[in-house]
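Thanks for coming, everyone. Let me put the model up, and then we'll walk through it.

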Amino acid sequence: MNQVRRQASSSSVLEQQLDSYRFTFIVAAFVISLGIVLPRFGPGIPMSVDTNSHLYRILFFSRWLNEGIYPFWSPDWYAGAPALLLYPPLGYFLALGLSTVGLDPLLSYKIIDAIFYLLAPFTVYFLGRELGFSKGESAIGSLFFSVLPGAIENYLFFDRFPTVISIPIFCAFVIMFHRTLANLGGPVNLLGAIFSMSALMLTHHLSALIAGIVAVLMVLLSAGRQGWAKSITLLVVVAVGTVGLTAFWFVPFLQSITLFAANPFFNRNVTFPF
């Protein structure tokens with residue numbers, strides 16, 4: 001019994017020590033992220049794997065919107081394809097929003113990319129707090145995320161623009177849906193869960209699919225406390241609300257899948273008769 005008490009006391013002391021350094025951990029995470037972000041603001045186009053494909057869409061839309069035309073068809077992508085049918089539009093619209101107020105489209109792209117990359121460690125911290133971790137533990141999680149090789153290469157080497165934007169939105173969705181299931185905040189968190197999942201769907205639909213799987217697991221874990229009927233009802237409400245808000249893009253996307261899959265010359269599905 002005394003040993004158990006000593007272990008509990010030691011754990012409590014360690015938690016207090018971590019909490020006392022939480023501000024230092026968070027500032028360190030921000031400084032590291034800032035150090036990763038700043039070199040991208042150098043002259044020219046970032047030399048990353050996917051930069052040209054994402055930047056192309058922003059430049060393409062910026063050019064035609066300046067002419068007063070909203071283009072549906074992109075003659076250059078896949079030798080001709082709908083401009084934003086296969087790729088969720090929100091991230092590109094955010095960059096275009098900055099470019100419409102006079103900023104260079106390339107600078108707008110860099111700014112949006114950097115803002116969401118810098119937001120990610122903070123949202124990881126708040127997600128940790130929401131899931132029951134202490135302030136110190138959550139701050140360490142934020143710091144670990146800032147030095148995670150996968151997160152860094154996602155931004156610097158691959159430049160997966162939609163994925164970078166989706167990480168803070170993903171964390172925000174999990175936080176608000178968790179609070180919805182726990183009866184915290186009333187309809188505010190339910191609406192927040194709907195809007196954040198919608199934003200995630202319109203930013204990176206694979207991340208939205210993963211968030212949906214996480215939401216289902218959260219329902220399974222909470223059903224014992226809240227009851228199946230209520231938990232499933234909340235999940236359905238979020239799903240219906242998300243589909244309603246994203247239908248303008250999501251429904252045409254679903255309709256197009258079979259058409260593109262049937263095209264033997266599309267993307268990596270090329271077939272040859274020999």
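A word on terms: buried means under 20% relative accessible area, exposed over 50%, and partly exposed in between, with a 1.4 Å probe and protein chains only. This is a predicted model: local features need pLDDT of at least 70, side-chain atom pairs count only at pLDDT 80 or more, and totals for chains, interfaces and linings use all residues. Numbering runs from 1 along each chain as its sequence is written, and side-chain values use heavy atoms, with hydrogens and water left out.

Start with helix α9. Helices here are DSSP runs (H or I, at least four residues), numbered from the N terminus. Eleven of the 15 residues of α9 are buried, so this helix is largely enclosed by the rest of the structure. Among the buried ones are N189, L190, G192 and M197.

Now, salt bridges. That is a side-chain nitrogen of Lys or Arg within 4 Å of a carboxyl oxygen of Asp or Glu. How many are there by this rule? The count is three.

Take R40 and D113, which meet at 2.8 Å, N to O. R40 sits in the loop between α2 and α3, and D113 in helix α5, so the pair ties together parts 73 residues apart in sequence. R40 also meets D159, at 3.0 Å, N to O. D159 lies in the loop between α7 and α8, so this pair joins parts 119 residues apart in sequence.

Last one: E130 and R179, at 2.8 Å, N to O. E130 is in α5 and R179 in α8, 49 residues apart. E130 is buried at 15%, while R179 is partly exposed at 33%.

Key. Helix = DSSP H or I, 4+ residues; strand = E, 2+ residues; numbered from the N terminus.
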